[in-house]
Amino acid sequence: MARAVCGVYEIHPERVEKARAALPEEAVLGKAALLLKALADPTRMRLLLALKTAGELCVCDLALLAGVSVSAVSHQLRRLRQARLVAFRREGKQVYYRLADAHVARLLELALEHAEENT
């Protein structure tokens with residue numbers, strides 16, 4: 001397989017400046033990286049996809065679905081909350097989780113669509 005290597009060292013200042021000007025602030029980059037890191041785990045993806053389909057599920061439901069312990073699901077949900085991918089509500093002692101918003105559902109759809117493409 002041919003390697004994609006630049007054969008000539010040449011700078012294109014106008015392209016570099018255009019790209020630099022389009023970059024978001026560091027804080028936004030950090031949040032986006034946290035979000036993508038949170039998606040970079042098959043168990044967390046499974047949890048998010050289950051919430052996308054079901055709308056709302058409790059930790060016990062998610063543990064059964066994912067085939068892992070309630071403790072493991074709680075740990076994963078903590079990461080997903082930190083990345084603002086899920087939201088929750090309390091009903092008595094029960095806590096129900098859902099996707100944070102429509103952007104999360106779209107992110108999941110796009111990730112799966114891209115993964116399923118023929119390369």
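Which side chains meet in a salt bridge of 3.3 Å, N to O?

The structure is a predicted model, in which local features need pLDDT of at least 70 and side-chain atom pairs count only at pLDDT 80 or more, whereas totals for chains, interfaces and linings use all residues. Residues are numbered from 1 along each chain as its sequence is written, and side-chain values use heavy atoms, with hydrogens and water left out.

**View 1**
The side chains of Glu-17 and Arg-20 meet in a salt bridge at 3.3 Å, N to O, where a salt bridge is a side-chain nitrogen of Lys or Arg within 4 Å of a carboxyl oxygen of Asp or Glu. Because Glu-17 and Arg-20 are 3 residues apart in helix H1, about one helical turn separates them; helices (H or I, at least four residues) and strands (E, at least two) are DSSP runs, numbered from the N terminus. Glu-17 counts as partly exposed because its relative accessibility is 43%, while Arg-20 is exposed, with a relative accessible area of 52%. In these terms, buried means under 20% relative accessible area, exposed over 50%, and partly exposed in between (1.4 Å probe, protein chains only).

By the rule given for view 1, the count comes to 5 salt bridges. One of them joins the side chains of Glu-91 and Arg-89 at 2.8 Å, N to O; Glu-91 is partly exposed, with a relative accessible area of 45%, and Arg-89 is likewise partly exposed, at 30%. Another joins the side chains of Glu-109 and Arg-106 at 3.1 Å, N to O, and because these residues are 3 apart in helix H6, they are separated by about one helical turn. Glu-109 is partly exposed, with a relative accessible area of 32%, and Arg-106 is partly exposed, at 42%. Lys-52, Arg-106 and Glu-109 are linked in a network of salt bridges.

**View 1. The largest nonpolar core.**
The largest nonpolar core has 24 residues, and those with the most contacts inside it are Leu-48, Leu-62, Leu-80 and Leu-85; such a core is a set of buried Ala, Val, Leu, Ile, Met, Phe, Trp, Tyr and Cys residues joined through side-chain atoms within 4.5 Å. The elements that give two or more residues to this core are helix H2 (26-39), helix H3 (42-54), helix H4 (59-66), helix H5 (70-82), strand S3 (94-99) and helix H6 (102-116), and H3 gives the most, with 5 residues. In soluble globular proteins, nonpolar side chains tend to be buried together.

Leu-62 lies in helix H4 and counts as buried because its relative accessibility is 0%. Leaving aside neighbours within four places in sequence, Leu-62 is in contact (heavy atoms within 4.5 Å) with Leu-47, Ala-50, Leu-51, Leu-57, Val-73 and Leu-77. With residues up to four places away in sequence again not counted, Leu-85 touches Leu-35, Ala-38, Leu-39, Leu-48, Leu-80, Arg-98, Leu-99, Ala-100 and Val-104.

**View 2. Arg-44, a buried residue with no salt bridge.**
Arg-44 is found in helix H3, where it is buried yet has no salt bridge, the nearest side chain of opposite charge being that of Asp-41, 4.2 Å away. For charges, Lys and Arg count as positive and Asp and Glu as negative, while His and the chain ends are not counted. Residues up to four places away in sequence aside, Arg-44 touches Lys-37, Ala-38, Gln-76, Arg-79 and Leu-80. The C-alpha atoms of Leu-62 and Arg-44 are separated by 10 Å, although the two residues are 18 apart along the chain.

Arg-84 lies in the loop between H5 and strand S2 (86-91), and it has a positive phi of about 60 degrees although it is not a glycine. Most residues other than glycine have a negative phi. Arg-84 is exposed, with a relative accessible area of 60%. Lys-31, whose place is in helix H2, counts as exposed at 53% relative accessibility. Lys-31 and Arg-84 are 53 residues apart in sequence and 9.2 Å apart in space, C-alpha to C-alpha.
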